[in-house]
Amino acid sequence: MSSLAAQSLGCGPAGLDVLVREAVLAAGGRLLEGLLDLDRGCAGPRVDCPGGHVAVFVGYRGKTIATVLGPVRVERAWYHCRACGAGVAPRDAQLGVTGGSVTAGLAEMIDTVAAVEAFAPAGRLLKTLAGVTVDAKRIERVAEADGLAAAAERSARAGGILSGKIIPLPPEGTTGGELPDMLYVAVDGTGVPTRTAETAGRAGKQPDGTARTREVKLAALFTQTRLDDHGRPARDPGSTSYLATFQPPCEFGNLVRAAAIERGLDTIRQVVVLGDGARWIWGLADTHFPAATQIVDLFQAREHLHELAKLLEFITPDPAAWLTARLTELDNGDIEAIAAAVGAYQKTGIDGPKGEQVATALAYFTANARRMRYAHYRRLGMFVGSGVVEAGCKNVIGARLKRSGTHWTIPSATAITTLRCQQATAA
Ligand SMILES: [Zn+2]
């Protein structure tokens with residue numbers, strides 16, 4: 001029967017269900033047109049204009065809007081404000097198409113696919129999954145506008161929270177109404193390839209000293225209440241939220257602090273800031289989270305120790321044993337022992353460029369000694385790695401923003417980053 005129906009519809013590879021969906025969408029579009037035509041949004045001879053004046057009824061004007069059912073033609077009441085010199089259509093606000101022609105429902109679908117895929121494949125995704133045709137340029141415009149609006153809203157909200165004008169509700173307990181025990185703020189930065197105009201005059205890592213990327217700073221906030229069966233800290237399920245910005249550390253710091261307040265900074269017993277050795281991270285922690293425990297990622301510290309050992313290999317009788325002993329000291333958080341072992345070599349005289357390299361490599365440990373008391377943190381049941389935010393740099397940022405051949409403008413990258421952080425947070 002169904003194959004008969006399919007034949008009579010003359011269908012190719014598309015199944016009957018897909019064809020029926022197309023017909024349903026088309027019928028839905030006509031239904032919506034009819035509904036909107038029953039009430040054309042006339043609200044009497046005068047309405048308020050957004051500028052606070054009075055706009056006068058002029059007549060009815062047509063407009064084609066893009067909806068989740070496809071394009072729909074609407075005739076709606078049109079008012080004119082003489083003071084603004086602009087038209088007002090109250091119906092547009094009800095449809096969420098003020099200043100545009102895409103409904104809020106379709107915009108949400110566009111934002112979802114644009115966060116996942118480049119704009120052209122995002123259009124194909126939308127066509128396949130929802131049966132709606134939107135061209136790549138429009139997807140880009142809508143997603144960029146929505147992402148930037150979300151970023152602006154987040155900044156405004158952060159400002160409100162930090163100035164005390166907005167007081168967020170205390171966070172809900174994760175399990176059985178009990179409050180999470182620890183709040184982690186894990187911070188990192190990663191480069192996003194940008195157009196030449198976005199990096200003009202900025203120092204970078206290219207051989208000629210120029211930059212090809214701009215750093216986006218990412219924070220992953222999560223809570224931890226228990227240890228797992230092996231006695232290791234376990235993230236509270238579904239507790240991770242992300243935020244990212246291309247703005248400088250001070251602005252990023254404000255956003256992160258506001259987000260942490262929303263996550264319970266003032267009520268959760270213990271706050272921990274996790275990061276690599278980058279100095280701006282610890283400046284941010286000192287300024288915005290003065291009471292937090294600061295921890296340098298153990299795994300990056302180990303890598304630094306491998307590099308330090310490599311520098312000293314040429315005068316070490318048993319390099320492997322030396323490294324193993326230092327790694328144990330690092331795991332114990334005994335930075336003084338590492339410094340003493342390296343100091344023994346420094347005394348016997350490693351000078352010149354090699355000596356400076358060794359001194360720089362050692363300084364990473366001595367400068368961060370108080371952030372490397374790993375045995376102590378483990379006893380307290382704390383995470384000692386910033387893997388959550390490093391994975392975030394790869395999955396939330398890199399997977400969409402660091403594809404080869406893509407060069408972003410900062411507004412576009414900001415918009416897509418913001419949408420991706422929202423999606424990753426909701427996941
Ligand atoms: Zn006006």
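1. Start with Lys63: in this predicted model, Lys63 stands opposite Val74 in β3. That pair belongs to strands β2 (residues 54-67) and β3 (residues 70-81), which run antiparallel and are joined by eleven bridges. If pairing is new to you, strands of a sheet pair through backbone hydrogen bonds, either parallel or antiparallel.

2. β2 and β3 sit in an open sheet of four strands, ordered β1-β2-β3-β4, with antiparallel pairing. Which strands are at the edges? They are β1 (46-48) and β4 (86-88), each of which pairs on one side only. From one strand to the next, the twist averages 50 degrees.

3. A helix goes with this sheet: α2 lies across β2 and β3, and runs at about 20 degrees to β3. Helix α2 covers residues 16-38, and Leu38 is found in α2. Is Leu38 buried or exposed? Leu38 counts as exposed because it has 6 C-beta neighbours inside 10 Å, and the cut-off for exposed is 12 or fewer. Have a look at Leu38 and Glu178 too: they are 140 residues apart along the chain, and their C-alpha atoms are separated by 52 Å.

4. Next, pick out helix α5 (residues 119-130). Its twelve residues, at 1.5 Å each, should span 16 Å, and the end C-alpha atoms are 16 Å apart, so the two agree. The buried residues of α5 are Phe119, Ala122, Gly123 and Leu126. These residues cover an arc of only 105 degrees around the axis, which means they are on the same side of α5. The spacing is worth a thought: an α-helix has 3.6 residues a turn, so residues three or four places apart point the same way.

5. What covers those buried residues of α5? The cover includes α4 (104-116) and α6 (136-162). After α5 comes Gly131, with a positive phi near 70 degrees.

6. Further along, follow strand β6 (residues 213-227) and its partners. Strand β5 (residues 182-193) runs antiparallel to β6, and twelve bridges join them; Val185 stands opposite Leu221 in β6. β6 is also joined to strand β8 (residues 241-245) by five bridges, again antiparallel, and here Leu218 has Ala244 in β8 as its bridge partner.

7. Finally, β6 pairs with strand β7 (residues 233-235) in the antiparallel sense over three bridges, with Gln224 opposite Arg235 in β7. β6 and β7 form a hairpin with five residues between them, and Gly231 in the turn has a positive phi of about 80 degrees.

Conventions: Residues are numbered from 1 along each chain as its sequence is written. This is a predicted model: local features need pLDDT of at least 70, side-chain atom pairs count only at pLDDT 80 or more; totals for chains, interfaces and linings use all residues. Helices (H or I, at least four residues) and strands (E, at least two) are DSSP runs, numbered from the N terminus. The expected span of a helix is 1.5 Å times one less than its number of residues. A residue is buried if 20 or more other C-beta atoms lie within 10 Å of its own, exposed if 12 or fewer, and partly exposed in between; C-beta atoms are placed from the backbone. The arc is that of the directions from the helix axis to the C-beta atoms. Two residues are in contact if their C-beta atoms, placed from the backbone, lie within 7 Å. Two strands pair if DSSP finds at least two bridges between them. Axes are lines fitted to C-alpha atoms, for helices over the stretch in contact, and angles run from 0 to 180 degrees between N-to-C directions.
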